[in-house]
Each structure stands twice: as C-alpha cells, then as structure tokens.
Amino acid sequence: MPADAHEAGVPASPGQRLTWDRPVTVALLGGGTVGSQVARLLAESAGDLTARVGAPVRLTAVAVRERGKARPGIDPGLVTTDALAVATSGSDIVVEVMGGIEPARSLILAAMQAGSSVVTANKALLAADGAALYEAAARFGVDLYFEASVAGAIPLLRPLRESLAGDKVTKVMGIVNGTTNYMLTKMDEEGGSYDEVFAEAGALGYLEADPSLDVDGHDAAAKAAILAELAFHTRVTLEDVHCEGISAVTIDDVRAARSMGFVIKLLAVAEALPDGAGVIVRVHPTMIPRDHPLASVRLAFNAVFVEAESAGQVMFYGRGAGGAPTASAVLGDVVTAARNRVTGSVGPGESTYANLPILPIGSALTRYYVNLDVADRPGVLASIASAFADNGVSIQVVRQDGHGENAGLIVRTHRATDQALRRTVDQLRGLDTVKAVLGVMRVEGEAGD
Ligand code: NAP
Ligand code: HSE
C-alpha cells in the first residue's frame with residue numbers, strides 16, 4: 001500500500017490502538033441497477049453505518065459510461081465518466097458494479113495498487129480471473145470481498161469462507177440463476193412452452209443483456225466456480241465447470257418429471273470426491289424429487305444446499321438478483337471492509353491450499369432419466385435393458401407410456417458415471433427398436449444409490 005494512501009488509521013505495528021479520525025471513503029465504479037441502490041443505501045443508512053463502522057462512510061464518486069442518464073438517488077455532482085480517476089483516487093473502498101471483464105479487471109487492479117480495498121459483485125470476472133485479483137489484494141495489503149457475486153442478497157460466501165471454515169464441505173448444490181428458475185417454474189406450474197416463458201422472462205427484465213448467460217448456464221457456471229473454490233480450497237475457474245443450459249428442456253420433459261413426482265431445476269453442483277480424489281463442478285438441468293427442499297424454490301428465488309461432514313445439511317435461501325437485494329450484500333461487504341480499515345486489519349485472502357485435481361464430467365456419478373420413443377413389440381424392452389447392462393448402468397424404474405406406434409419408455413437409473421451413461425445412450429441410438437432418444441437428464445436429491 002503506498003505510504004500516502006491512508007494518512008489516518010494505519011497501524012504502525014500490529015495490535016497498535018488506532019485513532020481513526022475521518023470518514024471512510026467509498027467510490028463506485030458503476031451506477032446502474034446495483035450501483036444506484038448501493039448509493040441510495042449509503043445515503044439512507046448513513047447514521048446506522050457510522051455507528052456500525054465506527055466512522056462515517058462517505059460516497060465520493062460514481063463512475064458511469066454516460067453522464068446524461070437520469071440516476072435517481074445519486075448526487076449528480078458525484079457522477080463522472082473518468083473511471084480510472086475514480087479507481088485510483090485512493091478511496092478507502094472501491095466498489096466495482098460495472099460488470100464484464102474489461103475494463104473492470106484493470107480498474108480493480110489499479111484501485112488495489114492505489115491502496116483501496118475492493119468490493120465487487122462481478123461473478124464473470126471472479127470466475128475468469130479471480131486469482132489475479134486475490135494476488136493483487138495480497139500484494140497491496142487490501143481487502144477483496146465479493147458476497148454479492150453469488151446468489152445476490154443471500155449470505156452464502158461468508159458462511160462458506162468463515163462459518164464453515166472448521167468443517168469439511170463435501171457438496172454444494174443450488175439454484176443460483178433466478179431467470180432460469182423463473183422460466184422452469186412457469187413451465188412446470190403453468191405448462192408454458194420454452195419460447196413462451198423465455199419471452200415472459202424478457203418482458204419482466206430478468207434476462208441478462210446477453211440472454212445466453214442465463215439460458216445457456218454461463219452465469220450459473222461462473223457462480224459454481226466461485227462456490228467450489230471457497231468450499232474446497234482449490235482454485236476453480238469457469239473453464240473447469242461443465243455447463244449445460246436449459247434451452248433443450250422441453251415441456252414434455254417437464255411433464256414427464258411431474259408425472260414421476262419430480263421437478264426440473266437448473267442446478268449448480270460442486271462436489272469433492274472421497275479421499276481427495278478430486279472436485280467436479282457442473283451446471284445442468286436436473287430432475288429432483290418434489291419433496292426435496294430445492295424443489296420448493298420457485299420463480300426468481302435462489303437457494304443453495306451445502307453438505308459438510310460435521311454440520312450435515314445447511315440451506316441458504318433468498319433473492320438472488322435485483323438492485324436492492326444485491327446492494328444489501330454489497331453494503332455488508334462495504335461495512336466489513338470499512339471496519340477493517342478503521343481497525344487496521346485485512347480480511348482473509350484466497351485459500352487454495354487443498355489444490356485438489358479438477359475432474360472431468362465423465363467421472364461424475366449421478367442417476368439419470370432417459371426418455372425413449374420405441375417400437376412396441378416383443379423383445380424391445382430386453383434390447384433396451386441390455387444396452388444399459390452392457391455399460392454397467394443399473395436400471396431403477398422403467399415406465400411405458402402408450403402403445404403401438406406411440407409407445408414411449410422412460411427409464412430411471414441408479415447411480416452411474418456420466419461416461420457410462422453416454423456410452424449407453426450412443427448404443428440406444430443404434431438400436432432399430434429405438435426410434436429416438438427424446439430426453440436425457442441427470443437426477444439428484446434421491447436417497448440411496
Ligand atoms: P448495469 O445496470 O448494466 O450497470 C452497470 C453500470 O456500470 C452502469 O452505470 C454503467 O454506466 C457502468 N459502466 C459499464 N461499463 C462502464 C465503463 N466502461 N466505464 C464506466 N462505467 C461503466 O449492471 P448491474 O445489473 O448493476 O450489474 C453490475 C454488476 O453486478 C455485474 O457484475 C453483475 O453481474 C453484478 N450483479 C448484478 C445483479 C443484478 O441483479 N443486477 C445481481 C448480482 C450481481 P451507464 O449507466 O452509463 O450505462
Ligand atoms: N441473471 C442473473 C440471474 C442475475 O438471473 O440470477 C443475478 O446474478
């Protein structure tokens with residue numbers, strides 16, 4: 001940290017009693033959906049924040065792209081388009097809520113170099129290059145907090161990083177994208193087609209500017225990488241996450257799930273295999289039983305289920321998006337970073353000591369649902385069953401719907417590796433008794449094998 005960055009409040013030696021005699025300054029990079037709410041909360045809660053931090057917390061600047069836009073709640077005198085000047089102003093805390101990789105990354109690094117602690121909601125940047133941010137934070141002796149980057153308002157990262165720090169997390173499984181959860185809920189409850197619910201999500205302003213971030217699972221994958229890294233003390237980036245979105249989910253899949261007592265959710269799943277064998281991180285549409293706690297997470301809500309060796313199962317639920325809920329998480333980090341400034345301390349850095357191998361999706365062990373369009377004649381079931389058996393995939397349930405030319409067969413399996421299931425599906429596609437493989441989906445949340 002440059003010697004002149006903070007004249008007051010910096011201890012001469014660890015443990016020295018401090019006299020903090022000025023406001024904690026906060027600069028915002030971004031004044032959009034989240035940034036404008038952060039500015040509002042900083043102004044509206046000024047008295048409480050002063051009491052909680054031990055010093056006033058003062059907003060000093062807001063960097064935006066276009067100066068002319070109306071920005072209710074933001075003092076126009078603070079607005080500027082010179083983001084680099086804001087980042088390097090030597091504020092105690094720089095809050096990055098502009099999004100994207102660049103210039104956000106360069107601005108955050110410049111802010112840290114100027115001695116500022118950083119609070120960000122930028123999951124895309126953290127999942128792509130979190131290591132560079134952590135490294136700069138350690139080098140310049142500043143804080144890096146990012147609670148709002150995963151599951152909006154829900155306190156999730158701090159519990160993983162701090163409250164569960166004495167335990168061993170084995171699995172994190174959750175609904176971390178509100179838009180796709182809204183769409184799947186509407187398909188399930190109202191029978192809307194994919195195209196109809198996509199249009200509805202767009203009309204409600206839920207879709208990202210690039211909707212593929214939501215529907216193709218990339219947003220959830222970035223969040224899964226962040227969760228996995230914190231849970232397993234192993235560096236995980238976006239590239240390590242197997243990612244499938246919901247665009248191939250049909251209303252027939254949704255109805256089939258319903259008829260079996262299941263519901264389809266886009267789940268982010270991060271699991272550590274026993275004995276340090278490795279970590280698998282995946283995002284994909286998943287069938288879960290209707291009595292599973294995640295099944296009742298409807299519309300745009302998020303929830304994350306954590307399994308730890310001693311704690312057992314813990315669930316976090318709440319609003320995963322929206323200006324005010326996300327700003328609440330940002331403000332929590334601002335308060336923590338501000339308290340650290342006032343007391344002359346720095347929060348935890350990156351913890352990747354476990355350095356577990358990241359395993360490919362082929363090693364993932366789950367149950368499956370396979371929906372087949374088949375000819376209804378003697379011997380069909382036997383040929384299908386042997387395709388499963390040939391690949392070591394054990395069948396749990398088989399259900400036939402219809403008959404003759406309209407026969408459909410739904411198979412649910414016991415746990416099998418992704419690799420084995422893929423080989424089975426390839427073999428099924430080659431059978432003359434199978435007219436089409438209509439759907440294949442992973443199943444989670446059932447007890448047993
Ligand atoms: P947003 O509404 O698009 O706001 C982005 C803000 O950044 C705008 O004020 C924009 O300026 C400014 N900006 C963008 N590029 C800039 C540049 N190059 N230089 C200066 N200013 C720039 O985005 P948001 O929804 O608030 O999201 C912000 C971050 O929070 C993202 O990382 C997002 O992933 C994350 N997040 C959002 C939510 C949510 O519900 N919205 C939830 C969790 C996390 P203009 O106003 O002039 O365009
Ligand atoms: N597009 C994201 C969602 C926004 O739908 O959850 C919050 O990160």
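Tutor: The shell around ligand 2 holds two nonpolar, four polar and five charged residues. Keep in mind that this is a predicted model.

Here are the names. Ligand 2 is surrounded by Lys-123, Val-176, Asn-177, Gly-178, Thr-179, Glu-208, Asp-214, Asp-219, Lys-223, Gly-320 and Ala-321. Two elements, α7 (178–190) and α10 (218–232), each give two or more residues to this shell.

Now the polar pairs. The side chain of Thr-179 places an N or O atom 2.6 Å from an oxygen atom of ligand 2. Lys-223 has a polar side-chain atom 2.8 Å from an oxygen atom of the ligand. For Asn-177, a polar side-chain atom and an oxygen atom of ligand 2 are 3.4 Å apart. Next, the cover. On its own, ligand 2 exposes 260 Å², and 87% of that is buried by the protein.

A total of 22 residues surround ligand 1, and the closest are Val-34, Glu-66, Lys-69, Arg-71 and Gly-322. By class, that shell has nine nonpolar, eight polar and five charged residues. Backbone atoms take part here. A polar backbone atom of Gly-32 lies 3.0 Å from an oxygen atom of ligand 1. For Thr-33, a polar backbone atom is 2.9 Å from a ligand 1 oxygen atom. A side chain takes part too: an N or O atom of the Lys-69 side chain is 2.8 Å from an oxygen atom of ligand 1.

Helix α10 leads on to the next space. The second largest pocket has a volume of about 820 Å³. It is lined by 38 residues, and those closest to its centre are Thr-170, Lys-171, Glu-271, Ala-272 and Glu-307. Several elements give two or more residues to this lining: β7 (169–175), α10, β9 (262–273), β10 (278–289), β11 (301–308) and β13 (365–374). Strand β7 gives the most to the lining, with four residues. By class, the pocket lining has 17 nonpolar, nine polar and 12 charged residues.

What about enclosed space? Rolling a probe the size of a water molecule over the atoms shows where empty space is left. Across the whole structure, a search finds one cavity of 30 Å³ or more. The largest cavity has a volume of about 80 Å³. Its lining consists of Tyr-145, Phe-146, Glu-147, Leu-157, Arg-158, Arg-161, Glu-162, Leu-230 and Asp-333. Helix α6 (residues 157–163) gives the most to this lining, with four residues. The lining of the largest cavity has four nonpolar, no polar and five charged residues.

Last, the backbone. Most residues other than glycine have a negative phi, and most peptide bonds are trans. The peptide bond that joins Glu-102 and Pro-103 is cis, with omega at about 10 degrees. Pro-103 is in the loop between β4 (93–96) and α4 (104–113). His-233 is not a glycine, yet its phi is positive, near 50 degrees. This residue is in the loop between α10 and β8 (242–243). Leu-299, also not a glycine, has a positive phi of about 50 degrees. The loop between β10 and β11 holds Leu-299.

Back to the part you asked about. Helix α10 gives two or more residues to the shell around ligand 2. It also gives two or more residues to the lining of the second largest pocket. The loop between α10 and β8 is where His-233 lies. For ligand 2 itself, begin with Thr-179, whose side chain has an N or O atom 2.6 Å from a ligand oxygen atom. Then turn to Lys-223, with its polar side-chain atom at 2.8 Å from an oxygen atom of ligand 2.

Note on methods:
Residues numbered from 1 in each chain as written. Chains lettered and ligands numbered in written order. Predicted model: local features only at pLDDT ≥ 70, side-chain atom pairs only at ≥ 80, totals over all residues. Heavy atoms only, no water. Near = heavy atom within 4 Å. Polar contact = N/O pair within 3.5 Å; in protein donor to acceptor, adjacent residues only side chain to side chain. Areas by Shrake-Rupley, 256 points an atom, 1.4 Å probe, with all protein chains shown as cover. Nonpolar A, V, L, I, M, F, W, Y, C, P; charged D, E, K, R; others polar. 1 Å grid on protein atoms, 1.4 Å probe; cavity = no way out; pocket = protein on both sides within 12 Å on 5 of 7 lines; lining within 4 Å. Points joined across faces, edges and corners; volume = space filled by probe spheres on them.
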